[in-house]
Amino acid sequence: MNNELNIAGRLAKTFIEHPLTAILAIFILTLGFISLEFMPREENPQIKVSGGAVIVALPGAKPSEIQKVIIEPLEKKIREIEGVEHIYSYAKDSLGIVQVQYFIGEDKEESNLKLYDQVMRNMDMLPKGAFPPIVKTMDIDTDIPIATIAFYAKDNSISKAELFNEVSKLGHEINKIENVALVDLKGEKKDQYNINIDANKLSQYNLSLGQIANRIKALAHTSSTITSDNFQNDLTILNIKNAIESKEDLENIIVSYNFGIAIYLKDIARIEKSHDIQNKKEAVLYTKELKDGISQVTLTISKLKGTNSVTINEKVFSFMQEQKEEFAKKGIKYVITRDDGYTANNAVNSLVQNLLISIVIIAILLIFSLGLKEAMIVSLLVPMILSLTLFIGFLFDETINRITLFALIVSLGMLVDAAIIVIENIVRHKKEDKNVTDIKTLSINATNEIGNATNIATIAIIMTFIPMFFVGGMMGQFMHPLPVFVPIALIVSLIVAYVFTPYLVKKFL
């Protein structure tokens, strides 16, 4: 036996007759199963894009003044923060807003803390009379929905505003589900009193739209509760009832007088309680049954980073199933228009099936080139390599997504290289020395012989993926699993080949 063993030879020598080698193989496969079950699944990698906004109010100031005394000093100080990529600002009457975008990949919490600290430490730069600054964070990574549900009225028994109100209540309940980050509504129509003025009557009474608008605004003012003490030391509470609380209140507003006779709003306009008709945005649902389309409200659900979209969507849709009958009574139906959990789960299950097919194909090809037993040995190693790769990714807080699966598929052809090289060299030595009786020594020497060359070849392949670690921007974030999983899979394939191939050769050959 060669006394100068490299890492391949030492691993082969250590495990070829070790009593725990078989248990280690079963343990690795178990780790892979656990990782496959508990590793978070999502359709796409979740990209970290974060930023913030600083809002400062200065009552009575013009935009030019806001630009000079608020925005420019703030921009100067914010540029000192490390990790800031872009600053966008704008000024308007009495208000200045400075928006900050961090480099993609910057730590969200740390960047937000830097922004808040920088603004608070320089509050003395703000002019006298300015309100304390408001620092608002913006997190793009939680804005991408994993599920969308479209709600629509199945008949005319419910208005658009009522539909929005019901879906909004449901959104609050869904937001309480574990790991749900954000619930948003698209296509909403809110409650509103609409005043449709008759132009002919307006001209008849010699009135203008401005007069009517000012009259309504004056009565729509809300007064707060006032408390005061009187001379008898008793507490007096004054509360003025809102002048406009119903359709009738609007109809009975006196807008003018004509020859001593009061002109009411109902005399010149038709008032109705409906939705905000000035909101021109409209969401329309098209299905096989609804070919002409129908107005709808879409509920979007986003998740926290690193959580499992499959389990979150299962909880959300299970909750929706519980509410289905109640919504039907109210005349509301819904359609699930996006389910990333279902897509991600199908992709993972499809990969597992395709990997099994690939292993069978590899085994068939190796039967013709190496032999039946040799092909079975190589085929047994592939699940162990993938299991250990997934487990290491799980430890690194990676998720299973389309890029992770792509990385495993890319590396699949290279995973069997080390095992094939090891077993082919062992078979070659066995054929050259047909009288060999010590298969253990032969396997160790054959593995040791190809160790250094195989290591260098694998490292060369790994080095081609290393530069992807340094790709910046959104593409770097999106493709991040590729330079993580491919090198891990290749390193694991070497270790598994050196440890288990000689062991299985001794057992089966």
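Predicted model: local features only at pLDDT ≥ 70, side-chain atom pairs only at ≥ 80, totals over all residues.
Which residues make the nonpolar surface patch? They are Val360, Ile364, Ile367, Phe368, Leu372 and Met376. Together they form about 600 Å² of nonpolar surface. Which helix gives the largest share? That is α11, with four residues.

Pick out one of the patch residues, phenylalanine 368. Phenylalanine 368 sits in helix α11. Is phenylalanine 368 buried or exposed? Its relative accessibility is 73%, so it counts as exposed. The cut-off for that word is over 50%.

Now the sheet. Four strands build an open sheet, and their order is β6-β15-β5-β16. The pairing is antiparallel. Which strands stand at the edges? Look at β6 (180-186) and β16 (332-339). Each has a single partner strand, so one side of each has no neighbour in the sheet. On average, neighbouring strands are turned by 20° against each other, direction ignored.

Zoom in on one pair. Strand β5 covers residues 147-153, and strand β15 covers residues 297-303. How many bridges join β5 to β15? Five, and the two strands run antiparallel. For an example, find phenylalanine 151. Its bridge partner in β15 is valine 297.

Something also packs on this sheet. That is helix α10, residues 309-329. Helix α10 touches β5, β6, β15 and β16. Its direction makes about 170° with that of β16.

Last stop: two loops. Start with asparagine 179, in the loop between α5 (160-174) and β6. Remember β6 as one of the edge strands. What is phi of asparagine 179? It is near 70°, a positive value in a residue other than glycine. Asparagine 179 has a relative accessible area of 28%, so it is partly exposed. Partly exposed runs between the buried cut-off, under 20%, and the exposed one, over 50%.

Then go to aspartate 397. Where is aspartate 397 found? In the loop between α12 and α13 (402-432). Phi of aspartate 397 is near 65°. That is again a positive value in a residue other than glycine. With 67% relative accessibility, aspartate 397 counts as exposed.

Technical notes
Residues numbered from 1 in each chain as written. Heavy atoms only, no water. Pairing = 2+ DSSP bridges. Axes fitted to C-alpha atoms, helices over the stretch in contact; angles between N-to-C directions. Contact = heavy atoms within 4.5 Å. Patch = residues over 30% accessible without salt bridge, like charges linked within 9 Å, V, L, I, M, F, W, Y side chains within 5 Å. Areas by Shrake-Rupley, 256 points an atom, 1.4 Å probe, with all protein chains shown as cover. Salt bridge = Lys/Arg side-chain N within 4 Å of Asp/Glu carboxyl O. Buried < 20%, exposed > 50% of the residue type's maximum accessible area, 1.4 Å probe, protein only.
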